[in-house]
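Welcome! Please take a moment to look over the sequence and the 3D view, and then read on for a short tour.

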Amino acid sequence: MKKVLILGGDGYLGWPTAMHLAKKNFIVHLVDNFSKRTIENENSITPLNKIETMKTRVGLWNQINNKKKLTFSFGDLLNHRFIYEELKRFKPDHIIHYAEQPSAPYSMAGRSQAVFTQKNNIIGSLNLLFGIKKICPNAHLLKLGTMGVYGTPNIEIEEGFLKIKHKGRSENAQYPMKPHSYYHCSKASDSVNLYFATRTWKLRATDLNQGVVYGIDTPQTVLENKLSTSFHYDHIFGTVINRFMVQAASNMPLLVYGTGNQTRTFLNINDTLQCVELAIKNPAKKGEYKVRNQFTEVFSVKELALLVQKASREIGIKAKIRYINNPRTEMSQHYYKPTNKSFLKIGLKPKKISPKFIINNLEKIYKLRKNIDKKIIIPKIKWNN
Ligand code: USQ
């Protein structure tokens, strides 16, 4: 059985990925430093549903699945000795690296948040690369990247590279990066470092340039309430579709930033699991830096608000849409044409967003509505403050 090390195992994606891969007969070990929980505490943010400690969740999973046990270590990638020890002890075949500060607004809150984000993400990943080189150079690294590294260019978005011709000569260059925030800049730096490590040390790495994830449940999180994953709707960690659904369920207007014509890529949390499994089964070769754009659909923010509004009406919720001044600096009108052909080629079957999906999620959120704290919904962080 293949061994998978999941860094960032306590998070929105890390925890469901761990259960999914354990179910698929991988031996899974998780690592986390709980830095997201620290940021939650510092900002008085709680996820919609109470999230059990890692110890409780791992213990419960192991009780239910006697033969597919998970293990967990507490530790920080900024401590290179810790991650070296983990690699030595566990000897992973694949390493899924989610262990980064994931919020664009948090990274734009001020100097110390921007510095924390870049130090945590870039140096943590660099320590990991040195660890892999020293201890397990044949392990396959799957690094969670972001579609936001590309920005919104006026040409089609390819997967990681762009063939350019200049003064009669040509080059396959890393795709030009124009990140949306200091968080997205940290992912851009990671991508440069990853590509360098595969060229120089012949490591094997896949950069998963993921779009905006939405959804609450996976087949494993619904087995028991205490196996839930952290679903955020606040202005720091909440992503747009999840926020719109919570706003509708709590009788608040759907808050569209700016004109709502800004367009992004999206995917269901279950498709994150599908993509990660496909990327493991189709690994990068030795010395290869493979980039896969990980999304299933493209929408403008306004289209999403209208989708959530329409589905809400089907169950008697009269959600309003409110266009507010955009707290971010982003293009309000732009060309946007990204490809996700590399995942489609290896078998991705997209679960597209549907009114039924939105209604199911709204009903679940409605049951938890007493937990909704409206104070943490209004955006407070401005890109330009
Ligand atoms: N937006 C609204 N209203 C809201 C929240 C967001 O109109 O209440 C708009 C934003 O202006 C933005 C878009 O929705 O144009 C997406 O914002 P988001 O907060 O859902 O997503 P973002 O900040 O881009 O970051 C999220 C994850 C990040 C991941 C990224 C993928 O937090 O970890 O890397 O999605 S991507 O957007 O493709 O870069």
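What follows is a short report that moves from the overall form to the inside of the protein.

## Overall form

Keep in mind that this is a predicted model. You can pick out 12 helices and 14 strands in the protein.

How does the radius of gyration fit a compact globule? For 385 residues such a globule would have a value near 21 Å, and the protein has 20 Å, so the two agree. Along the principal axes, the C-alpha atoms fill a box of roughly 65 × 55 × 40 Å.

## Contacts and burial

Of the contacts between residues at least 6 apart in sequence, 81% join residues at least 24 apart. Buried residues account for 57% of the 385 in the protein.

## Surface and charge

The protein exposes about 17500 Å², and 53% of this is supplied by carbon and sulfur atoms. As for charge, there are 60 positive and 28 negative charges, and their mean positions lie 2 Å apart.

## The largest nonpolar core

In soluble globular proteins, nonpolar side chains tend to be buried together. Here, the largest nonpolar core has 42 residues, and F244, I358 and I365 have the most contacts inside it. Two or more residues each come from α5 (104–107), α8 (240–249), β10 (254–257), α10 (301–314) and α12 (355–367). The element that gives the most is α8, with six residues.

Leaving aside residues up to four places away in sequence, F244 touches L254, L255, V256, V301, L304, A305 and V308.

Conventions: Residues numbered from 1 in each chain as written. Predicted model: local features only at pLDDT ≥ 70, side-chain atom pairs only at ≥ 80, totals over all residues. Heavy atoms only, no water. Helix = DSSP H or I, 4+ residues; strand = E, 2+ residues; numbered from the N terminus. Rg over C-alpha atoms; globule rule 2.2 N^0.38 Å. Buried < 20%, exposed > 50% of the residue type's maximum accessible area, 1.4 Å probe, protein only. Contact = heavy atoms within 4.5 Å. Areas by Shrake-Rupley, 256 points an atom, 1.4 Å probe, with all protein chains shown as cover. Lys, Arg positive; Asp, Glu negative; His and termini not counted. Charge placed at Lys NZ, Arg CZ, Asp CG, Glu CD. Core = buried A, V, L, I, M, F, W, Y, C linked by side-chain atoms within 4.5 Å.
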